[in-house]
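This report examines one protein structure. Please look at the sequence and the model before reading on.

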Amino acid sequence: MTMAPAEMKQTNNENQKKNRIQRYLQQHNEIELSALGMAITTVVTIAEILKNNGFAKEKSILTSTVGMKDQDKGRVVNKARIEIVLEKSEKFDSLMSASHAVQNTSANEKVVANGKVATNERKLKSS
């Protein structure tokens, strides 16, 4: 696999963000995702990904409106709000075990970046 250092850093950051919810579910049995306005689609997408991959199941969904003061117009504007509560699925622990096994396998593979080769056991060296 060939990646530039910036791409490697971005991929690592994305994996860390993706795994944050999974780590939280490992420690707690449920998680609450909430959003206002335009952010609702993001929260719904995250919930669907967790459900479709078998990590969580839906416990409850609550929708409402929240009055917020529009600073430009100086009046109260109603914003849509969603609150999704997910609970850990029965398959969660086995899926996490399988995920860790795959991560450990790929961590030992060689990575080529800017003409340098690295493995878990060795530091970067010129090729």
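Is R81 buried, exposed or partly exposed? R81 has a relative accessibility of 25% and counts as partly exposed; buried means under 20% relative accessible area, exposed over 50%, and partly exposed in between (1.4 Å probe, protein chains only).

## Basis of the model

The model is predicted: local features need pLDDT of at least 70 and side-chain atom pairs count only at pLDDT 80 or more, while totals for chains, interfaces and linings use all residues. Residues are numbered from 1 along each chain as its sequence is written, and side-chain values use heavy atoms, leaving out hydrogens and water.

## Salt bridges

A salt bridge places a side-chain nitrogen of Lys or Arg within 4 Å of a carboxyl oxygen of Asp or Glu. By this rule there are six.

In one of them, R81 pairs with E83, with the closest N and O atoms 3.1 Å apart. E83 is buried, at 18% relative accessible area. Elsewhere, shared partners join E48, K51 and E58 into one network. The N to O distance is 3.0 Å for E48 and K51, and 2.8 Å for K51 and E58. E48 and K51 lie three residues apart in helix α2, about one helical turn. K51 is partly exposed, with a relative accessible area of 24%.

## The nonpolar core

A nonpolar core is a set of buried Ala, Val, Leu, Ile, Met, Phe, Trp, Tyr and Cys residues joined through side-chain atoms within 4.5 Å. The largest such core has 16 residues, and those touching the most other members are L25, I31, L33, L50, I84 and L86.

How values were computed. Helices (H or I, at least four residues) and strands (E, at least two) are DSSP runs, numbered from the N terminus.
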